Amino acid sequence: MTFTMTRNSTLSIIITSSIIGTSLFAATACTKRTEPSTQDALQLLVISQIDFNRSHQLACAKNADCSMPLVCTSGLCQIPPSITNKVDDATPKLAFSTGDDAHSVYVEIASDDYSRQRGMMNRKSCHPDWGMLFIFPNELRRSFWMSHTYLPLDIVFIDKDGTVSNFYKNAKPLDERPRYTSNKRVRYVLELPAGSIERFGIDNSTTFDTTQFNQYKAE
């Protein structure tokens, strides 16, 4: 069975084979590492060599065109940039501040249903200056789990105006219980390497600049 938050914001148990119009989001795991080579990065993915060879560098239009956990970047199925730390001028960057302290992280964007459900499943590493920003088409209570997630992470639930709703530190790897839930309706969820909340001093007074992400049409 899978767990999701329904539109009336109550927790429901949904049989996987009968899910229609529901949302289940994969919380993901990251850890600090130096930038890996392509071959090293392959060792940090849970994917068969056959599937990797079949999909890597394949032309794509969206993440669903690639074998998980490869992602569609610049029109090709590639190793996730949060692992390789591949950055260019078009790489999304999320700025935030707590008091007088300003910070930013690069983010992979999960703005369609497939990407939100997959999250960063089947990855064994994430660069410390990266995360994943989940963008939703509406504001609802959100519930994340740790299925197929191999390392701990921090999860931050963010209102549409960029304020913090609530957060969790060190979510437990491979824990399929739906224990990571927003305490109110939110528009964004940010996944970060475990320890990032402490590193950046994120708390309920932190504000995130989400204005630039209005360009992403959440589906």
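Is lysine 184 buried, exposed or partly exposed? Lysine 184 is partly exposed, with a relative accessible area of 39%. The model is a predicted one.

## Salt bridges

The count of salt bridges is eight. Three of them are described here, including the one made by lysine 184.

Lysine 184 pairs with aspartate 159, at 3.2 Å from N to O. Lysine 184 sits in the loop between strand 12 (180-181) and strand 13 (186-193), and aspartate 159 in the loop between strand 10 (153-158) and strand 11 (164-171), so the bridge ties together parts that are 25 residues apart in sequence. Aspartate 159 is buried, because its relative accessible area of 8% falls under 20%.

Arginine 199 bridges to aspartate 129. Their closest N and O atoms are 2.9 Å apart. Arginine 199 belongs to helix 5 (residues 196-200), while aspartate 129 lies in the loop between helix 4 (113-118) and strand 8 (130-140), so this pair ties together parts 70 residues apart in sequence. Arginine 199 is partly exposed at 38% relative accessibility. Aspartate 129 is partly exposed too, at 31%.

Helix 5 also holds glutamate 198, which links to lysine 169 in strand 11, 29 residues apart. Here the closest N and O atoms are 2.4 Å apart. Lysine 169 is partly exposed at 39% relative accessibility. Glutamate 198 is exposed, with 54%.

## Disulfides

A disulfide is a covalent bond between the sulfur atoms of two cysteines. How many disulfides does the structure hold? It holds two.

| Disulfide | S to S distance | Angle about the S-S bond | Hand |
|---|---|---|---|
| Cysteine 60 to cysteine 72 | 2.1 Å | 100° | right-handed |
| Cysteine 66 to cysteine 77 | 2.1 Å | -85° | left-handed |

Where do these cysteines lie? Cysteine 60 is in the loop between helix 2 (49-55) and strand 4 (71-73), and cysteine 72 is in strand 4, so their bond ties together parts twelve residues apart in sequence. Cysteine 66 is in the loop between helix 2 and strand 4, and cysteine 77 is in strand 5 (residues 76-78), so that bond ties together parts eleven residues apart in sequence.

Counting the bonded cysteines along the chain gives the pattern 1-3, 2-4.

Now for burial. Cysteine 60 is buried, with a relative accessible area of 14%. Cysteine 66 is buried at 5%. Cysteine 77 is buried at 0% relative accessibility. Cysteine 126 is buried as well, with a relative accessible area of 0%.

Key
Residues numbered from 1 in each chain as written. Predicted model: local features only at pLDDT ≥ 70, side-chain atom pairs only at ≥ 80, totals over all residues. Heavy atoms only, no water. Salt bridge = Lys/Arg side-chain N within 4 Å of Asp/Glu carboxyl O. Helix = DSSP H or I, 4+ residues; strand = E, 2+ residues; numbered from the N terminus. Buried < 20%, exposed > 50% of the residue type's maximum accessible area, 1.4 Å probe, protein only. Disulfide = S-S within 2.5 Å.
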